[in-house]
Amino acid sequence: MSPRTNQQFNKMRQARKVQIMNSALELFATKGFKGTSIADIAANTGISKGLLYNYFSSKEELIKDIIFKGFNALLDSFDPNHDGVLTRSEMKFLTIGLLNTIKTDIPFWKLYFAMFTQPVIYKLVEEKLLTASAPIFKMLAEYFKSSGSTAPNIDARMFSAMLDGIALNFVYDPSNFPLKEVIEKFIEMFNLSDESYEN
C-alpha cells in the first residue's frame, strides 16, 4: 500500500474535524456548553480525548469554529460580487440564498440556533460576531438609503430580524411552514422583485 499523499491526509483530517464539530454541536445544543466536557465530545465522536486535542485545543476553540462555520455559510449569499454595494437583485439573491442554505441541513441549523441562544456561548463569540456583522448592516442600510428610506438603519435591522424569524420558524417546523410563499411575500414587502420565487 502506497503512503497517503498530503492531499489525502488533509482531506481525512478535514473530515474528522467536521465529525468532531457535528458531534460537539449536538451535545452543546442538548446538554449546554457548561454541561459538556471534552471527554463527552470525544466519547460521542468515538475517539479518544488525546486524538480530539490534535484537532481542537479546547471546547472554547471548538464552539467558536462551529459558530463561525455557520455564520460564514450564511454570508456566502451576501454581496455575491463583493463590491461592497447591494443592488435590488442581490438583495433578492441574498434572501433566497440564505434561506436555501438553511434548507440544505435542517438538523444542523436547528441545533445551531438552539446552541446559539445560550448566553455563555454568545459571550465567547460576541465581539467577533459584532465586528463581522458591522459591514453587513452598513451595506444593508446603504441599500435602503439609496432606495429612499427615511430610516435606513431601522429598515436594515428589520430586514435582518425578519429573515432570522423566517429561518427559525422554518427550522423548527419545516413540514408545516410555507417557506416558498413566505419568501415570495417577503420579497414583495421589500420590493425586491416582481418575479416569483423559484426553488
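Hi everyone, let me start with the helix convention: helices are DSSP runs of H or I with at least four residues, strands are runs of E with at least two, and both are numbered from the N terminus. By that rule, this protein chain has nine helices and zero strands. From the N terminus on, the order of elements reads α-α-α-α-α-α-α-α-α.

A quick word on what we are looking at. This is a predicted model, where local features need pLDDT of at least 70, side-chain atom pairs count only at pLDDT 80 or more, and totals for chains, interfaces and linings use all residues. Residues are numbered from 1 along each chain as its sequence is written, and side-chain values use heavy atoms, with hydrogens and water left out.

First, the overall picture. The C-alpha trace spans about 60 × 40 × 35 Å along its principal axes. Of the 199 residues, 40% count as buried; here buried means under 20% relative accessible area, exposed means over 50%, and partly exposed is in between, with a 1.4 Å probe and protein chains only. A contact means heavy atoms within 4.5 Å. Among contacts between residues at least 6 apart in sequence, 66% join residues at least 24 apart.

Now the core. A nonpolar core is a set of buried Ala, Val, Leu, Ile, Met, Phe, Trp, Tyr and Cys residues joined through side-chain atoms within 4.5 Å. Which residues touch the most other members of the largest one? They are Met115, Leu140 and Phe159, in a core of 59 residues. At least two residues each come from helix 1 (6–31), helix 2 (38–45), helix 4, helix 5, helix 6, helix 7, helix 8 and helix 9 (179–189). Helix 7 gives the most, with 10 residues. As for Met115, not counting residues up to four places away in sequence, its partners are Leu25, Phe28, Ala29, Ile63, Ile66, Ile67 and Ile121. As background, nonpolar side chains tend to be buried together in soluble globular proteins.

On a 1 Å grid over the protein atoms alone, a pocket is an open set of points where a 1.4 Å probe fits, with protein on both sides within 12 Å along at least five of seven lines; lining residues have an atom within 4 Å of a point. Points are joined across faces, edges and corners, and the volume is the space filled by probe spheres set on them. The largest pocket holds about 760 Å³ of space. It is lined by 26 residues, and the closest to its centre are Phe71, Leu74, Ser133, Ser160 and Asp164. Two or more lining residues come from each of helix 4 (59–75), helix 5 (88–103), helix 6 (106–116), helix 7 (119–146) and helix 8 (152–172). Helix 7 provides the largest share, eight residues. By class, the lining has 21 nonpolar, three polar and two charged residues. For that count, Ala, Val, Leu, Ile, Met, Phe, Trp, Tyr, Cys and Pro are nonpolar, Asp, Glu, Lys and Arg are charged, and the others, Gly among them, are polar.

Staying with helix 7, Leu129 lies there and is buried, at 6% relative accessible area. Leaving out residues up to four places away in sequence, Leu129 touches Ile67, Phe68, Phe71, Phe116 and Tyr122.

In helix 2, the buried residues are Ile38, Ile41, Ala42 and Thr45. They cover an arc of only 100° around the axis, so they sit on the same side of helix 2; the arc is that of the directions from the helix axis to the C-beta atoms. These buried residues pack against helix 1, helix 3 (49–53) and helix 4. In helix 9, Leu179, Ile183, Phe186 and Ile187 are buried. Their arc is only 95°, which puts them on the same side of helix 9. Glu188 and Met189 are exposed on the other side, while the cover over the buried residues includes helix 5 and helix 8.

Finally, some backbone angles. Most residues other than glycine have a negative phi. His82, in the loop between helix 4 and helix 5, has a positive phi near 55°, and is exposed at 66% relative accessibility. Asn191 follows helix 9 and also has a positive phi, of about 55°; Asn191 is partly exposed, at 48%.

Thanks, everyone!
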